[in-house]
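Hi,

Here is the structure I promised to pass on. Have a look at it first, and then read on for what turned up when I went through it.

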Amino acid sequence: MHEYPITEQIIKIASEKAKENNARSITRITLVVGEQSGFIGESIQMYFDIISKDTLCEGAVLEMENIKAKWYCPDCNIHYARQPFSFACPDCGNDGMPTNIGKEFYVKDIEIETE
Amino acid sequence: MAEKEIQVVQNIFDENDRIAFATQEKLGEMGVFVVNIMGAPGAGKTSSIINLIQQLSENKVYVIEGDIESDIDTVKLKELGIEAIQINTNGACHLDAPTIQSSLDGLSFDKPGLLFIENIGNLVCPAEFQIGEHIKMLICSAAEGSDKPYKYPLAFEKADVILLTKCDLKTYVDFNDEFFLKGVRALNKTAPVFEVNAKTGQGFEDVAEWLLQRKG
């Protein structure tokens, strides 16, 4: 359910860009999906196959670049993947801070076919 | 026939965020301060809204009640004389900006004041969508356990203010204050945490005072 309106939005973004470039069809859409974006790739793919019918996106390959979430330790100046139930920096043990790495969710590029 | 790669780099939330910003701006100009209430089912969102409205009695308050189905909370609010409307998402797990924008006509906005939007009871997706709010208020009950920041980090990270409800239950549920606050602070350095009890009204005076200061 959660991914349905988001998938519609992906098709809209890709189709508008394709029309601007006089595309006959879209053959590939690349999405960048952060681990903490809250969206599940398989779910987007399922809705995409249904909603893209009769649009420029029909038959396009949906590629996903997944990005692991990272925290930042200002004391050690490092980024790290946090362990479950902990926010601690693996080097100094102090709690670091969240970053935007892993929250990405955007259409990176599309591949189109023109006449 | 030729194949061509086109750079797009467009955030999928852009359209939602654009509508959210328009709502926030429109209501802000009317002197209406919008609070997005997030929290798990049963955390005490509606009870907290009612307690806050009692404390904010000199201010006009509007409520949008988001629910998957039923209008139980809206009926309760209306019985108390509160101007409230219901949105049923019929299964969707969060409110989004277009839904809120299209529901605004249901409220009078005849005076400046505050609009509380009770989001769907869920600690995951409501944190991902802007709906037109000025601030996000996270309601978290002691009964849910002190590990919530570790399990639902984004909700705590995005909150502007956190209410810990049902604080009278702390001793019965072995609530670990230190563990809870450590998690909250790792995720969010600035949001104040207010301990409240909706049954007795304890703590809501301070929250209301904070809200009015923030509203400005």
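Which residue forms a salt bridge with D110(B), and how far apart are the closest N and O atoms? The partner is K60(B), with 2.9 Å between those atoms. D110(B) sits in the loop between α4 (97-103) and β5 (113-118) of chain B, while K60(B) belongs to strand β3 (residues 60-67), so this pair ties together parts that are 50 residues apart in sequence. D110(B) counts as exposed because its relative accessibility is 53%, whereas K60(B), at 22%, is partly exposed. Please keep in mind that this is a predicted model.

**Other salt bridges**

Over all chains, the search finds 17 salt bridges in the whole structure. One of them joins E113(A) to R24(A), with the closest N and O atoms 3.7 Å apart. E113(A) is in strand β6 of chain A and R24(A) in strand β1 (residues 23-34), so here the linked parts are 89 residues apart in sequence. E113(A) is buried at 15% relative accessibility, and R24(A) is partly exposed at 43%.

In chain B, K148(B) pairs with D147(B), and their closest N and O atoms are 3.4 Å apart. K148(B) has a relative accessible area of 10%, so it counts as buried. There is also a network of salt bridges that links R28(A), D109(A) and E111(A) with E5(B).

**Around T99(A)**

T99(A) is in the loop between β5 (97-98) and β6 (105-114) of chain A, and at 15% relative accessibility it counts as buried. A polar atom of the T99(A) side chain lies 2.7 Å from the backbone oxygen of K70(A). The backbone nitrogen of I101(A) is 3.0 Å from a polar atom of that side chain. Apart from neighbours within four places in sequence, T99(A) is in contact with K70(A), W71(A), Y72(A) and H79(A).

**Chain B as a whole**

Chain B has 8 helices and 8 strands. Along the principal axes, its C-alpha atoms fill a box of roughly 70 × 45 × 35 Å. Of the 216 residues, 54% count as buried. Among contacts between residues at least 6 apart in sequence, 72% join residues at least 24 apart. Chain B exposes about 9,600 Å², and carbon and sulfur atoms supply 48% of that area.

Helix α2 (residues 45-55) of chain B is mostly covered, with 8 of its 11 residues buried. Among them are I49(B), I50(B), L52(B) and I53(B), along with the polar N51(B).

L187(B) lies in helix α7 of chain B and is buried at 5% relative accessibility. Not counting residues up to four places away in sequence, L187(B) touches W71(A), F87(A) and P98(A) from chain A, and P149(B), P153(B), F156(B) and E157(B) from chain B.

Y172(B), by contrast, counts as exposed at 67% relative accessibility. This residue is found in the loop between β7 (161-165) and α7 (177-187) of chain B. Together with L169(B) and V173(B), Y172(B) makes a nonpolar surface patch of about 290 Å².

Best wishes

How values were computed: Residues are numbered from 1 along each chain as its sequence is written. Chains are lettered from A and ligands numbered from 1 in the order in which they are written. This is a predicted model: local features need pLDDT of at least 70, side-chain atom pairs count only at pLDDT 80 or more; totals for chains, interfaces and linings use all residues. Side-chain values use heavy atoms; hydrogens and water are left out. Helices (H or I, at least four residues) and strands (E, at least two) are DSSP runs, numbered from the N terminus. Buried means under 20% relative accessible area, exposed over 50%, partly exposed in between (1.4 Å probe, protein chains only). A polar contact is a pair of N or O atoms within 3.5 Å; within protein, one must be able to donate a hydrogen and the other to accept it, and residues adjacent in sequence count only if both atoms are side-chain atoms. Contact means heavy atoms within 4.5 Å. Patches are made of residues with over 30% relative accessible area and no salt bridge: like charges are joined within 9 Å, nonpolar side chains (Val, Leu, Ile, Met, Phe, Trp, Tyr) within 5 Å. Accessible areas come from the Shrake-Rupley method with a 1.4 Å probe; for residues, only the protein chains shown count as cover. A salt bridge is a side-chain nitrogen of Lys or Arg within 4 Å of a carboxyl oxygen of Asp or Glu.
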